[in-house]
Amino acid sequence: MSGTIAKSDRLTCAPSRAVRELDLKRGEFDLAVNLGLIRTVPDEGGGGRRVARAEIDRLRAEDGFPDALRERVATVGTHEGAEIMGVAPTRFTSLARFGLLVPGRFYLNRYRTVVWLYLAEELRQFAAEKSNARLLTGRMPAEVRDGMKAKMDRRPRNWRGRHIGFLLRQAGDDPWARAAAVACLLDPADVTDVVEDPHERDRLNRCRPRLPAHGAPGSPAAERAQELMTASEPDEVAWFRADLAHTMETARRHHPAPRPAPEPALHQEDRPAPEDHTPSHGLLGWLRRRGRRPTG
């Protein structure tokens with residue numbers, strides 16, 4: 001086992017080491033992994049994901065390293081995003097709430113207000129697209145205005161849609177990991193409803209990917225973040241449930257969930273002798289009591 005770990009340490013490195021060697025912040029590194037810009041591999045020792053040395057060498061050899069990599073994962077908030085697109089912050093927020101701008105990350109500030117972050121590169125591409133010109137100037141289209149009147153906010157759903165793509169990419173071809181990726185964005189009650197077998201749910205929990213942490217477990221911030229990371233709209237929930245049912249069928253065919261071994265059957269000579277509960281009274285009882293008396 002020690003030889004395997006030593007070999008793994010030579011060929012791969014932990015995320016914390018990769019962050020330093022790639023000159024990134026941890027949030028930038030995580031987003032780069034999610035976007036598929038940094039490839040990771042499973043830890044042979046059973047831990048989290050690791051980064052191959054060859055992958056680090058490849059990234060460091062790219063033109064413009066590390067600035068070019070940083071630019072690809074740079075995220076901005078509402079005001080800076082509005083400046084990039086040349087629109088007012090209120091228009092930017094309307095476009096994002098309507099679902100036209102997809103968040104890449106989010107965090108909760110000290111007031112537990114959700115702060116959505118967007119990929120700067122995607123905002124530049126959106127603004128450069130000629131078909132989007134009517135969204136950036138003049139009167140906002142009627143469908144967007146109607147959505148704002150109805151207090152529409154598709155940012156959490158769009159984040160979940162993007163994140164499930166991240167998780168499925170990381171799961172690769174492992175059907176149980178893919179099923180667990182879908183399950184982690186569903187309410188536990190929905191998972192129980194779709195996956196009735198407790199042994200299968202245990203297997204899903206063991207394969208469950210880590211979602212971004214926001215605050216200490218059980219804290220108001222963590223609970224608020226969990227709400228944002230859980231499918232909530234009826235059609236979205238129905239889609240996730242159907243996808244979970246489909247991926248579970250594939251997982252069952254690939255490798256059924258392990259079950260505890262049945263207790264071995266006792267042989268006749270190993271079985272305890274039945275107790276005699278016959279009332280000991282009358283002549284029969286007297287004979288039995290006499291037969292149990294110790295002999296001289």
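This is a predicted model: local features need pLDDT of at least 70, side-chain atom pairs count only at pLDDT 80 or more; totals for chains, interfaces and linings use all residues.
1. Which residues does Val182 touch, not counting residues up to four places away in sequence? Val182 touches Ile164, Leu168, Phe240, Asp243 and Leu244, where contact means heavy atoms within 4.5 Å. The place of this valine is in helix 12; helices (H or I, at least four residues) and strands (E, at least two) are DSSP runs, numbered from the N terminus. Val182 has a relative accessible area of 0% and is therefore buried; buried means under 20% relative accessible area, exposed over 50%, and partly exposed in between, with a 1.4 Å probe and protein chains only. Between the C-alpha atoms of Val182 and Leu167, which are 15 residues apart along the chain, the separation is 8.3 Å.

2. Residues are numbered from 1 along each chain as its sequence is written, and side-chain values use heavy atoms, with hydrogens and water left out.

3. The overall composition is as follows. The protein has 17 helices and six strands. Of its 296 residues, 36% are buried. Among contacts between residues at least 6 apart in sequence, 69% join residues at least 24 apart.

4. Eight of its nine residues are buried, so helix 12 is largely enclosed by the rest of the structure. The buried residues are Pro175, Trp176, Ala177, Ala179, Ala180, Ala181, Val182 and Ala183. Their cover includes helix 11, helix 13 (188–194), helix 14 (198–207) and helix 16 (234–254).

5. The packing of helix 12 on helix 11 comes next. Helix 11 (residues 155–171) and helix 12 (residues 175–183) pack at an angle of about 165 degrees, with their axes 8 Å apart. Axes are lines fitted to C-alpha atoms, for helices over the stretch in contact, and angles run from 0 to 180 degrees between N-to-C directions. Helix 11 and helix 12 are therefore roughly antiparallel to each other; angles under 35 degrees count as roughly parallel, over 145 as roughly antiparallel, 65 to 115 as roughly perpendicular and the rest as oblique. Ile164, Leu167, Leu168 and Ala171 of helix 11 make the contact with Ala177, Arg178, Ala181 and Val182 of helix 12. By class, this contact has seven nonpolar, no polar and one charged residues; Ala, Val, Leu, Ile, Met, Phe, Trp, Tyr, Cys and Pro count as nonpolar, Asp, Glu, Lys and Arg as charged, and the others, Gly among them, as polar.

6. Helix 12 also packs against helix 14, at an angle of about 85 degrees and with the axes 8 Å apart. That makes helix 12 roughly perpendicular to helix 14.

7. Helix 6 (residues 78–85) and helix 8 (residues 120–128) pack at an angle of about 35 degrees, with their axes 9 Å apart. Gly81, Ile84 and Met85 of helix 6 meet Ala120, Leu123, Arg124, Phe126 and Ala127 of helix 8. Six of these contact residues are nonpolar, one is polar and one is charged.

8. The backbone has some features to check. Most residues other than glycine have a negative phi, and most peptide bonds are trans. A cis peptide bond joins Phe65 and Pro66, with omega about 0 degrees; Pro66 is in the loop between helix 4 (53–60) and helix 5 (67–72). Asp23 has a positive phi, near 60 degrees, and is found in the loop between helix 2 (15–21) and helix 3. Arg112 has phi near 60 degrees, a positive value, and lies in the loop between strand 5 (105–108) and strand 6 (114–119). Asp23 is partly exposed, at 41% relative accessible area, and Arg112 is partly exposed, at 46%.

9. On cysteines, the count comes to zero disulfides, a disulfide being a pair of cysteine sulfur atoms within 2.5 Å. Cys13 is buried at 4% relative accessibility, and Cys184 is buried at 0%.
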